[in-house]
Amino acid sequence: MTAAGTLTRADLAEALHKEVGLARADSAKLVEEILRHMCEALHKGENVKISSFGSFVLRDKGERVGRNPKTGVEVPIAPRRVLTFRASQMMRDRIVAAG
């Protein structure tokens, strides 16, 4: 991981290189392919579930009325599709155990 505490694509590729023994270029390609497949599935409206990790779920949110906090004026918020992530119980347990 980088100093800021963010895991990047390069970090994932480097981990593949070290732990699996793939060439750096092949590791980077593999990471990109996995992410591309996930993006395509989500674009098609499919949910993505990674066992023991979590699920990326698309949710449709209906139209609602919002309020400008500065002026108090009500504004309609258009219906939209949002992406949510729900960690698996195993992942939650690992996070709690880590600290």
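The exercises that follow concern a nonpolar core and a set of salt bridges.

This is a predicted model, in which local features need pLDDT of at least 70 and side-chain atom pairs count only at pLDDT 80 or more, while totals for chains, interfaces and linings use all residues. Residues are numbered from 1 along each chain as its sequence is written, and side-chain values use heavy atoms, with hydrogens and water left out.

**Exercise 1.** Determine which residues make up the largest nonpolar core.

*Solution.* A nonpolar core is a set of buried Ala, Val, Leu, Ile, Met, Phe, Trp, Tyr and Cys residues joined through side-chain atoms within 4.5 Å, where buried means under 20% relative accessible area, exposed over 50%, and partly exposed in between (1.4 Å probe, protein chains only). The search gives six residues, namely Met 38, Ala 41, Leu 42, Val 48, Phe 56 and Leu 58. Helix H2 (24–43) and strand E2 (54–61) each give two or more of them, helices (H or I, at least four residues) and strands (E, at least two) being DSSP runs numbered from the N terminus.

**Exercise 2.** Find the salt bridges that involve Arg 36.

*Solution.* A salt bridge requires a side-chain nitrogen of Lys or Arg within 4 Å of a carboxyl oxygen of Asp or Glu. Arg 36 meets Glu 33 at 2.8 Å, N to O, and Glu 40 at 2.5 Å, N to O. Glu 33 and Arg 36 are three residues apart in helix H2 and therefore separated by about one helical turn. Arg 36 is partly exposed, at 35% relative accessibility.
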